[in-house]
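Here is a walk through one structure, taken region by region. Keep the coordinates open as you read.

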Amino acid sequence: MTVSYQEALNVILQQAEIQRETLPDPSELVALEKAVGRVASHCYEAVTHTPSFDCAATNGYAVCSALTSEARNVAPITFFVYGTQAAGDNPMTVPGVRLNGAIPCVEITTGARFPKASTNMDFDACVPFEDTIELPGKIHGCKQIQIRRPVLHNAHRRLADDDFHLEDEVLRSGMKVTSQHILALASLGVQTVAVKKIPRVGVWSTGKELESRIDIEQRRDRVPDANGPYIISALEELGIDAEFLGIIDDEEEAIKQAVTSANRSRFDILITTGGTSEGRFDNVRSAIEACGAEVLFSKIAVQPGSPTLFATIPRLPIISSCRMLSPQPSNGDQFIAFFGLPGGPVAAAACMKFFVAAYIKQWRCEPGHESLGCHLLNISPQSGTSAKSQRLSTSHSRPQESDVFKHGTIAINGSTAWAVPSPEQNDSKIKSFLKSSCWMHLPAGPSTKSNGDVVRCYSIQEGDNIIEKIIFGHERKDETKSASEG
Ligand SMILES: Nc1nc2c(c(=O)[nH]1)N[C@H]1C(S)=C(S)[C@@H](COP(=O)(O)OP(=O)(O)OC[C@H]3O[C@@H](n4cnc5c(N)ncnc54)[C@H](O)[C@@H]3O)O[C@H]1N2
Ligand code: MOO
C-alpha cells in the first residue's frame with residue numbers, strides 16, 4: 001500500500017521516539033573533547049571554587065605592596081630579586097631580611113603562586129617588568145630593581161575562588177555542548193561528559209553492478225558505488241559516525257545474513273540503498289522479512305524516492321560466551337530501525353534528507369529541518385517561449401497525488417527569495433544535483449505549483465547556518481574559486 005508523505009513521516013517520527021524510549025541506557029559517557037556537538041544528558045554544576053589558588057596575572061616581580069607606599073620617581077625603592085617563582089612551582093619561602101637596604105622580591109611568571117615570606121612581610125602583589133627599572137650590578141649575586149610608584153594591594157593578582165563558585169551552572173541537560181562548555185568543564189577538572197546516546201548507524205549499498213573504488217576507465221561494465229559514500233558523509237554532517245558495512249549482492253540470502261550480523265553487533269539504524277522497487281532482484285523487503293522485520297511501509301507517494309521502505313526489526317541477543325549485564329532493565333521491546341532507500345543516487349539523497357535525517361533528529365529530540373519559504377520560479381509555457389523552456393516547464397510538473405522533492409538554488413531579487421529548480425530532476429543525474437544547494441518540497445495538490453507560490457526550501461547539507469548555506473553555499477564557493485584563481 002502506498003502511504004502519503006505525511007503518513008510516512010508520522011510513522012518515522014513516532015518510531016524514532018519509541019526507539020529512543022526503549023533504549024536500555026539513553027546516555028553515554030564520552031571523553032571531554034569528544035562531547036562537542038553532542039547533547040548533554042545531565043546537568044553539570046561546579047562543586048568547587050576556581051581558581052583554587054591566588055596567582056600572578058602578569059610576568060613581573062612579587063612584592064609586598066605595603067613596602068612600596070613611599071615609592072616616587074624622586075625616591076625609588078630598591079628590591080633585590082631573591083629567586084624565581086614559575087607557574088607550577090610550589091611557593092618558595094623568602095627570608096624577610098634586607099640586603100644593603102634593598103627589600104626582597106621574587107621574579108614571578110603569569111599563573112605562578114605567590115611566594116611566602118618567613119617574616120611578617122606579605123607578597124601580595126605583582127609588578128609587571130615594564131613598571132620596574134633594572135639596576136646595574138648585583139647584591140650578593142642577586143639582580144636589583146627599582147620601583148618608582150606605590151603598588152596597590154592585590155595588584156596584578158588573580159584571586160582564588162574568583163571565577164566559578166559552588167553550584168554555578170556550567171551545562172544544562174538538553175543543551176548542545178559547545179567548545180565554550182568544554183573550556184569551562186576542563187577548567188573545573190571534568191574529563192568525561194554524559195551525553196545523550198546517538199544512534200549507531202550501519203549502511204550498505206546493494207547491487208551486483210556496484211564496486212567501491214574502481215578504475216572507471218578500466219571497468220566500464222561496473223558502477224562506482226556513489227550512495228555508500230554519500231549516505232555516510234550526509235550522516236557525518238548530522239554528527240553521526242556511521243559505519244559503511246559494504247556492498248551486498250541483490251541476493252536475498254546475502255542481505256539476510258548481513259542484516260542478522262549487524263543486528264547482533266548492536267546497530268540502532270540500518271540503511272540500504274537499491275533493491276527496493278519491483279524488479280526481479282529487488283530483494284530487500286523479502287530479506288528483512290525473513291529476519292522478522294515488520295514493514296511499516298514500502299511505497300510512499302513522493303517523487304523521487306517512492307520505493308522507500310521503512311521497517312522495524314526485533315533485536316537479537318548478542319551471542320557470546322560472556323554475558324554483558326545491562327545496567328537497567330530494558331523498558332520495552334527493542335528494535336532496529338531499517339530504511340531501504342531507492343538505488344538512484346539522487347532519489348537516495350532526497351530520502352536521506354526527508355526520512356532518515358528526520359528520524360535521527362527526532363531521535364535526538366532536535367527540532368525538524370530548518371527551512372526557508374521561497375517563491376517558486378516555475379517557467380510556465382507561454383506562447384512564444386522556446387522549446388527548451390517549455391521542456392523545463394514540463395519537467396517541473398508533477399503527479400498531483402505525490403509530494404515532490406526538487407533540488408535547486410535560491411536566487412535573491414530585492415527582498416524576494418526565489419526557489420529555482422535545477423534543470424534536470426532525475427534520480428541518476430548527479431551533475432545537476434551537484435550545482436544545487438537546496439531541496440524544495442512541493443506538497444501533493446493541484447498539478448503544478450504556479451510561478452510565485454511559496455515552497456519550503458531545505459539545505460542539502462546539514463549543520464549550522466542552514467539558511468546562509470542555502471542562499472550562499474554555492475555562490476560563496478564560486479567566489480572563493482575565482483578569487484584564488486585570479
Ligand atoms: N516496475 C517498476 N520499476 C521501477 C519502479 C516501479 O515502481 N516499478 N520504480 C522506479 C523507481 S521510482 C525507482 S526510484 C527505482 C528504484 O529502484 P531500486 O531501489 O530497486 O534501485 P536499483 O534498481 O537497485 O537501482 C536503481 C539505479 O540506481 C543505480 N544504483 C543503485 N545503487 C547505487 C549506488 N550505490 N551507487 C550508484 N548507483 C546506484 C543502479 O545501478 C540503477 O541504475 O526503481 C524504478 N523501477
Ligand atoms: O521514485 Mo523514483 O525515486 O522517482 O526515481
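Two strands count as paired if DSSP finds at least two bridges between them. Strands β6 and β8 meet that condition with six bridges, in the parallel sense. β6 covers residues 77-85, and β8 covers residues 103-108. Within the pair, T84 sits opposite E107 of β8. Bear in mind that this is a predicted model.

Now widen the view to the sheet. Six strands form an open sheet in the order β10-β5-β8-β6-β12-β11. The pairing is mixed. β10 (125-128) and β11 (132-139) are the edge strands, and each has a single partner, so one side of each has no neighbour in the sheet. From one strand to the next, the twist averages 40°.

L135 stands across from Q144 in β12. β11 and β12 form a hairpin with two residues between the strands. What is the phi of H140 in this hairpin? H140 has a positive phi, near 50°.

Next comes helix α2, residues 179-187. Which of its residues are buried? They are H181, A184 and L185. Viewed down the axis of α2, the buried residues fall within an arc of 95°, so they line one face of the helix. The other side of α2 carries the exposed residues S179, L183 and A186.

What does the buried set of α2 pack against? Its partners are three strands: β3 (44-45), β14 (169-171) and β15 (192-196). Just past the helix, G189 adopts a positive phi of about 85°.

Finally, turn to ligand 2. Around ligand 2 are Q303, P304, G305 and S306, along with P342, G344, A347 and D427. How does this shell divide by class? Three residues are nonpolar, four are polar and one is charged. By the classes used here, Pro and Ala count as nonpolar, Asp as charged, and Gly as polar.

Then compare the buried residues of α2 with the exposed ones on its other side.

Technical notes: Residues numbered from 1 in each chain as written. Chains lettered and ligands numbered in written order. Predicted model: local features only at pLDDT ≥ 70, side-chain atom pairs only at ≥ 80, totals over all residues. Near = placed C-beta within 6 Å. Helix = DSSP H or I, 4+ residues; strand = E, 2+ residues; numbered from the N terminus. Axes fitted to C-alpha atoms, helices over the stretch in contact; angles between N-to-C directions. Buried ≥ 20, exposed ≤ 12 C-beta atoms within 10 Å, placed from the backbone. Arc of directions from axis to C-beta. Contact = placed C-beta atoms within 7 Å.
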